[in-house]
Structure formats: structure tokens, C-alpha cells
Amino acid sequence: MSKVQKVAVVGAGLGGLNAAIALRQRGFEVAIYEQSDVLGEIGAGIQLSPNAMRVLMALGLDRAFEAVAFEPHRHVVRNWKTGSIVSATQMRGVFRPQYGAGYFGAHRADLHAVLQNALPAECVRLNARVISVTQTPDRAVLTFADGQTAESDIVVGADGIRSAVRESLFGPDAPRFTGHIVWRGLVPSEALPKGLIEPDMTAWFGPNGTMVHYYVRRGELVNWIAHFESDWRDESWRVESDWREAAAAYAGWHPTLATLFSHTERCYKWALYDREPLARWSQGRVTLLGDSAHPMLPYLAQGAAQAIEDGYVLADLLAAHRSDSVAALAAYEAARLPRTARIQRHARERGKINNTTSAFARFKRDLGYRLKRLIKPNEHTYKIEWIYGHDVTAPRSETSAAA
Ligand SMILES: Cc1cc2nc3c(=O)[nH]c(=O)nc-3n(C[C@H](O)[C@H](O)[C@H](O)COP(=O)(O)OP(=O)(O)OC[C@H]3O[C@@H](n4cnc5c(N)ncnc54)[C@H](O)[C@@H]3O)c2cc1C
């Protein structure tokens, strides 16, 4: 089998760009094919937990990212009606010594720009919508909507939840509507009453919904995400909305939220989809990464973080098995699939716990959190040390077999 040199990445989202950077740092020649005519991300926030931050550190991107992000002080859970603090986990000053990296909130466009700036412009081909992937014994061939083709040694489908690469590998299969939607908005911090929003990553748990807000862009903006259980769905999955719709769904919740909603300039509404964990991600010279492989509900804020982990591991294992791409992709799948499947399931479970409509279940949950806060103040409310503490940049036994 010939040596892997040329890798095609389909999709220039957060997952695709991050993977391309990791692959280039390992000496691969990378071409990214993106269907859009401009590069960018939506106007919304993103949280990056220490497991993802460690990858940015290993790639040398953490400083550039931290310069445009915001490090929240605590992770706080509040009661939806009274606003009382149910649980609080100190993050700033604790996570770095505990996990070797901090926790950050950022504007997605800022993170996307940090990744884009780490790549030469000629690496990305825009207006390149992939419609299928085929394989010969020694090449993978992409076919684009305009009829053109491109060859490479490996193809990585980082083309999101409606992945064309995934469909080429495993056939058509619609994602699952989860019964959850979100409204998302950004608010200039200076427009808000002073002290209204604390410098925390805050989640308000209530019946049928979870409201999350945190600062982004050095504290200049507050990002909010209002999750709600609803049967609304739209073909485009994301439409421009009005903050008043979110405010109506959250009527009766704490007045802080109404104030936050009312200062929103632009609001979007999304229907949330996910999939059952896949049995396989790879076939021959083609594999998947990020939402194309493991779309998940956002209740653990791990979709992009897992895509970032994927890219690092894939680059590492392809470098370790340069002469055997099949072994590399098998090792990648074995390293990543069980972890991401577990997180997909936990994210669904987390949504149920947060949004329960049973007053008794809420009472029991909150009592447990309050007790935990007293007995084990340094443990995260969600018991997710296994997610944050995972370090894909640590030396791996496979890498010792580097070709
Ligand atoms: C409300 C909400 C909040 C979230 N919050 C967080 C969070 O705080 N932290 C976190 O880690 N994750 C979060 N996530 C998850 C995260 O947004 C996704 O997991 C992540 O963006 C997936 O990145 P990706 O690169 O795999 O896919 P995408 O971002 O979907 O990128 C796919 C790219 O491929 C391109 N593409 C698609 N099809 C083709 C084709 N056929 N040919 C060429 N190009 C193509 C697209 O144009 C796009 O640029 C959240 C998700 C939601 C919905």
C-alpha cells in the first residue's frame, strides 16, 4: 500500500478546519472542499471545555483563541423561577491546575477565524459541493455538484449532520428530530443593566427548557441559548426569529431572562436533530469526523469539542500508520467511536434531566445538587470529569509505531 500523503477534507466548519491544521502539522498535504461561497460561522456562541482546549494548546492556537474568548468564573445552575443558585462549580483558577487547560466561551466566528488564520488560503476551495465519494484500490475520488472530480489518498467527511460523504459510505438515513428546539441570541454587554449577568456560565433548569448564557468576545457580548421542548421543525433547521417568541415560551421564568431577551438584536431559531451512534465511521480510504459522525444534542456543549478531539486523533494516527491507511482509520474509529457514542447518549439524558416537568423530580435533582455542593464542592455538578479530563494529546501507544 502506498504512503498516505494527500488528504481531502470535506467541509470547512470548526471540525474540518481544526482537522486540516492538525494534518498539516503532521506533514500531510491537505485540500479542504467547502460548499459555501464564503468561509465563516453563524452569529452565536460556543463553549470550549478543557478537553478541546488541550488540543488547541497542542496545535499552538490557544493564545490566539483565548485573546478573543472569555473565561467564565463558575458553572452555575439556577432555579428557573426564583433564580436561586442550585449548584456552582468553580472553573476559573481551578480547571487549569485540574485539567491542564481552562474553559472558555467564544463567538463562533472568532474561533472560526483563529482556525482559518492558521491555514494558507489556497488550502480551501470554496463553491465545492461534494455529491459523492468513490474509491479505487489506491485512490479516493470526490465528485462535485459541477461535475468536476478530485483525487486524494484519504477523504475525511467533516460535512456536518447532513453529510454527503456519510451517505456515500452508508446510504441515505435521515437524522432524528429530537423534539428540542433552541432560540439563540447575542446581546451587547453594555446594553444590559450593570451586574445583571454575572461572569459565569449559567444554566437555568425549568420545566420543558434550559436557558444558558455566557459572555463571549472578551466580555463584550452575552450569548444566550434558550432550549425548549417543542414539535416545531423547519426544513432549513434554522430560521430568523424574534426574541419575543423565546420570551413567550419562557413566560413565568425569572425576570432576568426577560431583560436579557429584550436586548437582543437578532435572534435565530433551530430545530435540533441528532442520530443514533453509528456502528462504523470508515470504509476503505474514507472516514467521518464531527457532526457527520456523531451529531449530538447541545446539553453538554460537546459537539465541536468532540470534532476537535477527532481531528487531532485522526492526524496522529494517520501519521503513525502512514503506509497503511486502513489500519490508521481502524485505529481512529476504535479510539473515537465509543467515547463519542457515550457522549451522544449522555447529552440526550442531560436534556431530560434538565427539562423535566415533574416537580418531584426537580426537587429531588436540586436537593442532590445542593448536597453535592456542600459535600464535594470541587466536583462538577454533571459528573463530567471523564469528558473534561480526557487528553487526546497525551502520548498514545499507536504513535510509537510511527512509520
Ligand atoms: C444550539 C447549539 C449549541 C451548541 N453549543 C456547543 C458548544 O457550546 N460547544 C460545543 O463543543 N459544541 C456545541 N454545539 C455543537 C457544534 O455546533 C457542532 O457539533 C459543530 O459545529 C460541528 O462542527 P462540524 O465541523 O462537524 O460540522 P458543521 O459545523 O456542520 O460544518 C460542516 C461544514 O461542511 C460544509 N458542507 C456540508 N455539506 C457539504 C458538501 N456536500 N460539500 C462540501 N461542504 C459541505 C458546510 O457548509 C459546513 O461548512 C452546539 C450545537 C447547537 C445546535
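## Two strands that pair

Two strands count as paired here if DSSP finds at least two bridges between them. Strand S8 and strand S9 (residues 139-144) pass that mark, pairing in the antiparallel sense over 6 bridges. One place to look is Thr136, which stands opposite Arg139 in S9. Please keep in mind while you explore that this is a predicted model.

S8 and S9 belong to an open sheet of 3 strands, in the order S8-S9-S10, with antiparallel pairing. Strand S8 (130-136) and strand S10 (149-152) are its edge strands, and each of them pairs on one side only. From one strand to the next, the twist averages 20°.

## The parallel sheet

Now for another sheet. Here 5 strands form an open sheet with parallel pairing, and their order is S7-S2-S1-S11-S18. At its edges are strand S7 (124-125) and strand S18 (286-288), each pairing on one side only.

Let us follow strand S11 to its partners. Strand S1 (residues 6-10) runs parallel to strand S11 (residues 154-157), and 4 bridges join them. Along this pairing, Ala8 has Val155 in S11 as its bridge partner, and Val10 stands opposite Gly157 in S11. S11 also pairs with S18 in the parallel sense, over 3 bridges; there, Val156 stands opposite Thr287 in S18.

## Cover on both faces

What covers strand S11, and where do its side chains go? In a regular strand the side chains alternate between the two faces of the sheet. In S11, Ile154 and Val156 are on one side and Val155 and Gly157 on the other; all of these residues are buried, and both faces of the strand are covered.

Helix H1 (residues 14-25) lies across S1 and strand S2 (29-33), and runs at about 170° to S2. Helix H10 (residues 325-355) packs on the sheet and touches S11 and S18, its direction making about 15° with that of S18.

## Salt bridges across the chain

How many salt bridges does the model hold? The count comes to 27. One of them joins Arg96 to Glu71, with the closest N and O atoms 3.1 Å apart. This pair links distant parts of the chain, 25 residues apart: Arg96 is in helix H4 (residues 95-99), and Glu71 is in the loop between helix H3 (62-66) and strand S4 (74-79). Are the two partners buried or exposed? Arg96 counts as partly exposed because its relative accessibility is 36%, while Glu71, at 13%, counts as buried.

Another salt bridge is formed by Glu198 and Arg74, whose closest N and O atoms are 3.3 Å apart. Glu198 lies in the loop between strand S12 (176-188) and strand S13 (201-206), and Arg74 lies in strand S4, so the pair ties together parts that are 124 residues apart in sequence. With 34% relative accessibility, Glu198 counts as partly exposed.

Why does Asp274 count as buried? Its relative accessibility is 1%, and buried means under 20%. Arg176, at 33% relative accessibility, counts as partly exposed.

Some salt bridges also share partners: in this way Arg74, Arg78, Glu198 and Asp200 are joined into one network.

Which residues make the nonpolar surface patch of about 710 Å²? They are Phe360, Phe363, Leu367, Leu371, Leu374 and Ile375. Phe360 is found in helix H11 (residues 359-375). Phe360 counts as exposed because its relative accessibility is 58%, and the mark for exposed is over 50%.

Note on methods: Residues numbered from 1 in each chain as written. Predicted model: local features only at pLDDT ≥ 70, side-chain atom pairs only at ≥ 80, totals over all residues. Heavy atoms only, no water. Patch = residues over 30% accessible without salt bridge, like charges linked within 9 Å, V, L, I, M, F, W, Y side chains within 5 Å. Areas by Shrake-Rupley, 256 points an atom, 1.4 Å probe, with all protein chains shown as cover. Salt bridge = Lys/Arg side-chain N within 4 Å of Asp/Glu carboxyl O. Helix = DSSP H or I, 4+ residues; strand = E, 2+ residues; numbered from the N terminus. Buried < 20%, exposed > 50% of the residue type's maximum accessible area, 1.4 Å probe, protein only. Contact = heavy atoms within 4.5 Å. Axes fitted to C-alpha atoms, helices over the stretch in contact; angles between N-to-C directions.
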